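These are my notebook entries on one model.

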Amino acid sequence: MAGGRGRHDREGGLFARLRRDTFAVQTVRSAAAATLSYVVALQLSSEPAPLTAPLTALLVVQVTLYSTVTTSLRRVNSVVVGVLIAIAFSAVVGLSWWSLALVILASLLVGRLVRVEEFIPEVAISAMLVLGVTQVSDTAWDRVLETLIGAVVGMLFNLVLAPPVWVDTAGDSIEDLARRMRLLLLDVADEFTGAPPVEQAATRLHEARRLDNDVADVDGALRTAEDSLRLNPRVKEGLLHRVVLRTGLDTLEICAVVLRVLARTLTDLAKHRNGHRLLPEPAALAIRETAQYTADALVSFAVLVTTQGSEGAEAAETRLAGELRAARACRDHAADRLLALALANPGRWQLYGALLTEIDRILDELDPEHRGHRLMEELDRRVRERSDRRRRLALRDRRETRRPARTDS
């Protein structure tokens with residue numbers, strides 16, 4: 001019984017992970033839509049193997065509803081144009097190296113004329129694929145029909161079975177980024193308590209620089225989440241969710257930059273000390289304690305940003321506020337220690353001051369009041385941009401309405 005329950009829990013956990021994997025979900029959705037379009041095309045097309053329909057469905061089905069709506073028309077347009085070009089060539093000439101070259105050239109030129117934007121190569125791809133299977137002009141219009149079937153099935157598939165909302169996936173990415181930053185900050189703080197060689201301090205600097213790649217990966221996941229919130233009837237206050245996540249990632253990105261500067265300060269101090277202890281024990285312990293509370297605050301901030309329930313958000317905000325208070329108290333204690341060191345050895349006062357400044361910047365970025373101001377500014381900016389866009393559209397409509405009709409003289 002216990003073994004069966006454990007296997008059921010593992011299977012349930014695996015299924016939950018697959019549901020939150022964009023690649024897995026997109027793979028299943030694309031395969032289902034392509035298969036369905038092929039079944040429909042078998043009933044409506046006279047071709048024995050209407051493969052153009054599933055091809056078009058694969059191009060149309062997207063990860064999010066917003067990307068489907070915004071790109072489907074351009075994709076369908078590119079596929080149909082490519083099919084028509086291939087039909088025109090196949091009705092006149094067969095498939096050869098020079099006819100293939102002409103098809104590609106014509107497809108790229110026509111694709112730019114019909115403004116399919118980033119899908120210009122798909123015009124040529126569709127033309128080549130169709131040219132390879134369309135050698136008889138009598139079957140040409142069946143290919144157009146198959147393309148329309150694939151497009152319609154793909155779009156209906158996205159509308160009826162709306163793609164999932166990827167907020168949880170983006171939230172996990174943001175929290176993972178905060179935890180990696182926490183570990184790096186703790187490692188950097190530990191270096192201040194010893195006498196690391198310059199090479200070891202430089203390793204921490206390289207680790208901090210690699211955070212840029214992590215931020216870029218999280219930004220990609222967040223863009224998918226933002227798209228999944230747009231035009232989704234299951235989501236209320238989608239703009240608020242998008243802004244909260246975006247401003248949260250912006251804050252962590254700023255903290256990552258400051259953390260990189262902090263690692264640079266560590267490297268510079270290691271060069272000056274040349275193998276000797278970087279800081280006396282009281283000052284080093286004060287810095288490490290400050291870093292511990294600051295590192296914990298990074299994770300609490302990420303949890304606050306990604307938590308959707310009011311109770312969970314309130315608990316995370318309370319925890320963040322306590323960690324920030326403790327970090328600032330430890331920071332003041334560390335400042336007294338560093339000030340005494342700077343007075344005794346004025347040659348390194350700049351490095352000590354930079355160390356405190358970098359800690360202050362991280363604490364200021366994580367402050368809930370600072371976050372509230374940034375969130376309100378971003379919301380106001382988004383609402384203002386939306387109002388300006390509507391105003392311009394209304395003004396253009398009024399101008400077109402008032403434009404006098406031409407009269408023949």
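Which residues are linked with Asp187 in a network of salt bridges? I found that Asp187, Glu191, Arg204 and Glu207 form such a network, a salt bridge being a side-chain nitrogen of Lys or Arg within 4 Å of a carboxyl oxygen of Asp or Glu.

Basis of the entries. I note that the model is predicted, with local features needing pLDDT of at least 70 and side-chain atom pairs counting only at pLDDT 80 or more, while totals for chains, interfaces and linings use all residues. Residues are numbered from 1 along each chain as its sequence is written, and side-chain values use heavy atoms, with hydrogens and water left out.

Salt bridges. I recorded 15 salt bridges in the structure.

I looked up Arg179 and found it bridged to Asp176, with the closest N and O atoms 3.9 Å apart. Both residues lie in helix 8, three residues apart, about one turn of the helix; helices are DSSP runs of H or I with at least four residues, numbered from the N terminus. Arg179 is partly exposed because its relative accessibility is 37%, where buried means under 20% relative accessible area, exposed over 50% and partly exposed in between (1.4 Å probe, protein chains only). Asp176, at 38%, is also partly exposed.

I then turned to Arg180, whose side chain meets that of Asp214 in a salt bridge of 3.4 Å, N to O. Arg180 lies in helix 8 and Asp214 in helix 10 (residues 211–229), so the pair ties together parts 34 residues apart in sequence. Arg180 is partly exposed at 36%, whereas Asp214 is buried at 19%.

For Arg246 I found a salt bridge with Asp219, the closest N and O atoms being 2.6 Å apart. This pair links helix 11 (residues 238–273), which holds Arg246, to helix 10, which holds Asp219, across 27 residues. Arg246 is buried at 13%, and Asp219 is buried at 19%.

I found one cavity of 30 Å³ or more, a cavity being a set of points on a 1 Å grid over the protein atoms alone where a 1.4 Å probe fits but cannot get out. The largest cavity holds about 70 Å³, its volume being the space filled by probe spheres set on the points.

Which helix gives the most to the lining of the largest cavity? Helix 8 does, with four residues; lining residues have an atom within 4 Å of a point. Helix 8 (167–192), helix 12 (281–306) and helix 14 (349–366) each supply at least two.

Methods
On a 1 Å grid over the protein atoms alone, a cavity is a set of points where a 1.4 Å probe fits but cannot get out, and a pocket is an open set with protein on both sides within 12 Å along at least five of seven lines; lining residues have an atom within 4 Å of a point.
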